[in-house]
Amino acid sequence: MNVLLILIPVALFLGAIGLGAFVWSLKSGQFDDLDGAAERILMDDDEDEVIT
Amino acid sequence: MTQAMTASSKDPYVRLLSDTEAEAELHVPTMHCAACISKVERGMPEFEGVNYARANLSTKRVKVRFNPQLVSLDDVIADFDQVGFKASPFNSEKADVEGDKTAKELLIALAVAGFASANIMLFSVSVWSGGEMAEETRSLFHWISAIIAILAIAYSGRPFFRSALTALKAGGVNMDVPIALAVVLSVIASIYESYRGGELVYFEAGIMLLFFLLIGRYLDQRMRSKASDAAQNLLALKAVPATVIGEDGSQTTVPSEQVETGATVLVQTGMRLPVDGEIIKGVSDIDTSLVTGETVPVKAEVGDKVFAGTLNISAPLHVRVEGRGEDTFLAEIVRLMEVAEQGRSAFVRLADRLARSYAPVVHVLAAATFLGWWWYADDPHMALMRAVAVLIITCPCALGLAVPVVQVVASGRLLSAGILVKSEDGLERMGNVDTVVFDKTGTLTLGEMTLINGADIASRDLLMAAAIGVTSRHPLAQAVANAAGKRRIPMMDSVSEIPGSGLVGELKGKTLKLGSREHVGHVTPDAATGPELWLRIDDAAPIQFRFSDQLRPDAADVVAGLKKSGKRVILVSGDRKETVERVATEAGIDEWYGDRRPDDKIEILEKLKEDGATILMVGDGLNDAPALRAAHVSLSPSSATDVTQTASDFVFQGKSLTAVSEVLTVTHKTRRLVLENFALALGYNVIAVPLAVLGFVTPLVAAIAMSASSIVVTANALRLKMGAAK
C-alpha cells in the first residue's frame, strides 16, 4: 500500500512530462511541416559542401 | 531601387517587422525534396538584402525576411528565379489561420485525452482484475481517476461542449449534444458512485469516448485545412504581376488587381495578359485556348480587345486597361460562377444527415431507460447508471470515425496518383456520379498542335520548316519543329517574325517563308481543313502543313471505360462544330455539343440536372469555370487557368486522362466504405444497446466495445489502400 503512494505520483508525473513535451513541441511549430521534416534528415550539415 | 522601395512598402504581400526588416510568404510549387529545401534556405540568404528563408514542404511555402531598404519583393522573386524556383507572392492575411489554430487545439485536446485515458485505464484495469483489492485501495483508485478525468474532460471536451451549447441555444440538437451529455453524466454518476463506495465507475469510458471522437474530429479538420491550403495556393498564383507604363515612359510592376482603368500595360512576348483591355500599340498573335477553347491562335492588332488569361505569342503589346465593369469577360465568368454556386449549397454531408436523425433517437433511448428502470425497480441511482451506460454505448465513437478515416485514406491514395483534393466534401459529392461532361481543348485533347500530314512532306522541306519554325513561339511553328524530332535542324542565318502573318528568314542563300497562306502568296481558293501553315522556299510552290489538336493518348480508352461502367459521356466545347465532331468521333463519344458559350454550357448542365443526372464536369478553360461550379462535382487538369482550378473540386497532374476514372473508382469505393462503416457502427449499436438497456454493460464491456468498434471501422477504411498499388 505504501509503495503505491510513491509509485502513483511518480507514474503520473512521468506521463505529464511526456504530455508537456508534446504540447511544447506542437506550440513551437515542430509539427507544422511533417513532409519537410522527413526530408530534412537527408540534408548535410556541412555548410562548405557544394549543393547541387 | 528607391522606386522599388516605395512599391514594397505598400505591397499587400509584405509585412514590415522593423525599418530594416520585412517578412513575406511566397508560394513555391516546385519545391519537393531535401535538395530543394537546402537550395532555398542556403541559397537565398546569399543574395543582397535577403536575411533569412525558411521553407515549409507540406504547404510549399517559403517565409523570407529581407531588408526593404535594399530590395523589393520583386527582387526577391527574381532571386528565387536564379536559384531555380518559380515563386509567387502569397497573401498570408487571407490564409486560413483560423483552421490551423483549430487543428492545433484539437491535437492538444487529443493528447490530453490520450494521456488521461491511458492513466485512468491503468487504475481501472487494476480494479477490474484485482479481485481481492481492499475497499480503501479501490476507493483511492477511483478518486485519483476522478481527479484526472474531471481535469482532462474539462479541457479536452471543450470543442464538444461549445458546439453542443451553440446547437442548444439555436434550439436544435446536433451530434455533440448526446456526446456532451454522455460525458458529463458519466462523470457525475461516477463521482456519486465513488462517494458511495460502489464498484461501477465510468471515468475511463467518458474520457475514452472523447479520445476516439477527437481522433475523428482532428482528421476531419486536417482534411479541411489541406483542402483550403490547396485552394489558397491556387489563389496565390492568380497574382500575375502587370508592368504598367507611366506617362513619362517609366515602368513599374504591380499586382494585376491594383492596375487602374485607363493605364497602359506592357505585355511581353510569351506572357499571359494580366488584364482585359484594348491594344493600343503592336501586332501579335494571341493564344486564347484557355479562355475560349479555340485551338488556333488569332491575330491581334491595334483596336482589338484582348482578355486576361490569354497568352501573347509573337510580339510585345501595349494594352490600355478597360474598366472592370460588368461587361468584361472575366466579370461575366465570375457572375456566372456566383449564380451556379447557389445551386450547390443544398448539399448536406452524409454524416450530418445521419446525425440529425440519430441524436434524437439516442436521447429518447436514454430517457426511456432511466424512466423505465426508475418506475420498474424504484431505484433512481441504478436507473441513472443504466441510462449513462446507454448513452456511452450509443455514443458514436465509430460513427465519428467512420467518415474522416475513410476520407483521409482516400485523399492519400488520390494524391499518390497525382490528384489533389481541393474541396472537403468533393469526395462525397463525387460518389454517385452517373454523367461525365468533358470539355474539349486541353481536357480531352492535349491542347497543343501536332503535325498530321508529315508523311506527305519531303524530309528536306520538313527540316527547313523546322529550322525557321523553331525560332518562333507560335504553337504551329513549334509543332513543325517538334515534328522534325531528333534530327539535326540547320541554323538559320537570319529570321524575322511578322506578327500575325509568319516568319521570313535566310538559310544558305535561300529565302524561307513560313506562315499563313497570304504570307507565302498562296492564293488558290481551296477550303482550309483546320489549322495550317505554308512553307515557301524561294519561288517554289508553297507546301502545306496541316495540324490538329491530338487527343490525350488514353482518352478513347478512358471514355470506353466510363461507358462500360454505365456512365453517360458528353462532350461540350466552345470550339467550332466540325472540330468538336471529329474529336467526339475519335474519342468515341456519341453525344456532343459544339460552339457553346459559357452560359450555354450551364444551360446544358441544368437540363441534365432536371433529368435527374449527377454530373461530373471535366474542364480546363476559363470558359468552363462556371460550368465546373454548376456541375455536382468537377475536375481540372493542372494545366488549367488559375480561376478554373480554383473553381474545381479536384485537380489532376500529368498528361493521362486516367485520372478521371481513378477519381471515380476511388470515390465510388470511398462511398461504399463510408456506408459500410455506418452499417458496422449501427450494427454494433443494435447488439450493444439492448444489453445496455438491460443493464449488462459494465464499464469493462463499454471500454471493450468502444475500442473494438473504432478499430473495426478504421481497419475497414484501410482496405481502400489495397488495390492502389500497381
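This is a predicted model: local features need pLDDT of at least 70, side-chain atom pairs count only at pLDDT 80 or more; totals for chains, interfaces and linings use all residues.
1. Overall content. Chain B has 726 residues, of which 47% count as buried. Its secondary structure comprises 25 helices and 27 strands. Taking contacts between residues at least 6 apart in sequence, 69% join residues at least 24 apart.

2. The sheet. Six strands of chain B make an open, antiparallel sheet, ordered E17-E22-E21-E20-E19-E18. Strands E17 (445-451) and E18 (494-498) of chain B are the edge strands; each has a single partner strand, so one side of each lacks a neighbour in the sheet. From one strand to the next, the twist averages 20°.

3. A pairing within the sheet. E20 (residues 510-515) and E21 (residues 532-537) of chain B are joined by four bridges in the antiparallel sense. Leu514(B) has Leu535(B), in E21(B), as its bridge partner.

4. The helix on the sheet. Helix H16 of chain B, residues 459-469, packs on this sheet and touches E18, E19 (502-507), E20, E21 and E22 (543-551) of chain B. The direction of H16(B) makes about 75° with that of E20(B).

5. An unreviewed UniProt entry lists "transmembrane region" for residues 106-128, 140-161, 173-195, 201-219, 358-377, 383-406, 673-694 and 700-718 of chain B.

6. Two of those segments in the model. Residues 173-195 of chain B are 87% helix and 0% strand, with 32 Å between the end C-alpha atoms. For residues 358-377 of chain B the figures are 100% helix and 0% strand, and the end C-alpha atoms lie 28 Å apart.

Technical notes. Residues are numbered from 1 along each chain as its sequence is written. Chains are lettered from A and ligands numbered from 1 in the order in which they are written. Helices (H or I, at least four residues) and strands (E, at least two) are DSSP runs, numbered from the N terminus. A residue is buried if 20 or more other C-beta atoms lie within 10 Å of its own, exposed if 12 or fewer, and partly exposed in between; C-beta atoms are placed from the backbone. Two residues are in contact if their C-beta atoms, placed from the backbone, lie within 7 Å. Two strands pair if DSSP finds at least two bridges between them. Axes are lines fitted to C-alpha atoms, for helices over the stretch in contact, and angles run from 0 to 180 degrees between N-to-C directions. UniProt positions are given in the numbering used here, feature names are shortened, and annotations may be inferred rather than shown by experiment.
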